[in-house]
Amino acid sequence: MLLYNLIKPLLFKLDAELSHTLSLKFLNTLHKLKILKLLCKACYYTNSIPNTNQKAIHINILGINFKNKIGLAAGLDKNGDYIDALGELGFGFIEIGTVTPKPQLGNTRPRLWRIEKYHSIINRMGFNNKGVDYLIENVRKSKWVKNGGILGINIGKNASTKIENANQDYIISLEKIYNYASYITVNISSPNTEGLRDLQSGNAFCQLLECIKSKQNELSIINNKYVPIFIKIAPDLSEADVNFIANSLILYKIDGVIAANTTIDKSMLPEQYRHEGGLSGKLLQSQSNYILKTLAEHLKGKIPIIGVGGIADPLDAVEKINLGADLVQIYSGLIYEGPRLIQKCINSLIYK
Ligand SMILES: Cc1cc2nc3c(=O)[nH]c(=O)nc-3n(C[C@H](O)[C@H](O)[C@H](O)COP(=O)(O)O)c2cc1C
């Protein structure tokens with residue numbers, strides 16, 4: 001979008017978290033003034049996806065009819081404050097959260113850095129969010145959701161909850177959001193909540209999957225509705241770790257997997273840029289693609305995969321699909337390229 005090219009230099013002069021908040025508020029204002037729709041339509045025509053192809057890009061996965069394969073990754077709209085505005089940008093699905101049972105402030109600032117030279121971002125936000133009840137109110141109000149928009153809700157544990165009690169937090173949120181989500185993501189891969197990633201291995205992982213699956217079965221009977229559950233994993237895993245995860249997902253009949261979250265490996269960055277937190281964007285791409293490929297080889301299509309990490313241009317999205325992703329998500333690329341990246345990626349995947 002031309003408008004993004006105009007405001008980007010200004011936004012990039014501001015502190016990263018401030019410019020993030022201002023961008024979302026600006027987007028929301030454009031949406032409320034009904035300008036966003038017009039801008040998106042204009043962009044849609046200049047990028048020229050023929051109208052007739054819109055149906056062709058619909059894809060049904062796990063019984064969900066995704067409008068296209070390009071989704072918004074979790075973390076941009078943690079509380080679901082901007083669903084309707086983001087929905088107008090053309091995403092096939094939007095994932096909101098990570099949300100925790102109780103509201104929490106997250107880590108102290110600064111906690112977000114743009115590494116412009118490398119088209120990457122480091123964050124150590126620490127699940128700053130207003131809690132699951134607040135998020136649900138937003139989902140209830142969303143016109144985009146009412147009109148059939150595909151919404152993923154990503155859940156995590158509160159920082160104050162001991163890691164050995166983490167399952168309780170996931171169950172609290174699962175019960176509350178079950179009726180409001182098209183799919184649910186269980187996030188056990190943020191590097192910014194102490195001990196969270198330990199839930200990806202051994203007994204802790206198996207117990208979590210068992211507990212989630214049994215709650216999902218119970219809720220699907222009570223609500224007469226089956227909501228698929230995805231597990232979001234880290235990119236900092238060995239082949240053996242990935243194989244263990246893949247086997248366990250199959251064993252516990254988990255519906256899907258998202259690969260991957262941000263990386264703690266910052267070795268490819270010069271020392272002065274190595275802030276504390278998780279790295280995303282271009283520099284994450286090869287690591288997240290390695291995890292995706294390993295996962296896909298092991299799962300052999302038994303469980304759908306959402307590929308995320310380092311999509312900065314349409315060919316990156318194509319590469320993820322070729323490596324075995326059924327759907328893809330974007331976050332950092334959106335910050336560097338603006339909303340036009342969405343339409344470009346959709347175009348590149350039309351016949352994939
Ligand atoms: C500022 C920021 C906040 C994030 N917050 C979350 C989050 O709350 N939950 C989550 O599952 N992932 C979160 N992520 C990770 C993204 O969803 C995504 O997995 C990761 O950034 C890789 O994609 P990308 O390279 O396209 O950014 C966050 C990423 C960034 C940059």
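Colleague: Is K300 buried or exposed?

Modeller: K300 counts as exposed, because there are 10 C-beta neighbours inside 10 Å, and the cut-off for that label is 12 or fewer. Please keep in mind throughout that this is a predicted model.

Colleague: OK, and where is K300 found?

Modeller: K300 is found in the loop between α10, which covers residues 285-299, and β12, which covers residues 305-308. The backbone there has a positive phi near 50°, in a residue other than glycine.

Colleague: Which other lysine has a positive phi, this one near 60°?

Modeller: That is K253, again a residue other than glycine, and K253 is found in the loop between α9 (239-251) and β10 (256-259).

Colleague: Buried or exposed, that K253?

Modeller: K253 counts as exposed, since K253 has 12 C-beta neighbours inside 10 Å, and a residue with 12 or fewer still falls in that class.

Colleague: Switching to the overall fold, what do the eight strands close into?

Modeller: They close into a barrel with parallel pairing, and the order is β3-β4-β7-β8-β9-β10-β12-β13. Neighbouring strands of this sheet are turned by 25° against each other on average, with direction ignored.

Colleague: Which residues does the cis peptide bond with omega of about 5° join?

Modeller: That bond joins G97 and T98, and T98 has its place in strand β4.

Colleague: And the cis bond with omega of about -5°, which residues are those?

Modeller: Those are R109 and P110, and P110 is found in the loop between β4 and β5, the latter being residues 112-115.

Colleague: New topic, the ligand: which residues come nearest?

Modeller: There are 27 residues around the ligand, and of these A73, G75, S280, Y331 and S332 come nearest. The elements that give two or more residues to the shell are β6 (120-123), β11 (278-281) and α12 (332-337).

Notes: Residues numbered from 1 in each chain as written. Predicted model: local features only at pLDDT ≥ 70, side-chain atom pairs only at ≥ 80, totals over all residues. Pairing = 2+ DSSP bridges. Helix = DSSP H or I, 4+ residues; strand = E, 2+ residues; numbered from the N terminus. Axes fitted to C-alpha atoms, helices over the stretch in contact; angles between N-to-C directions. Near = placed C-beta within 6 Å. Buried ≥ 20, exposed ≤ 12 C-beta atoms within 10 Å, placed from the backbone.
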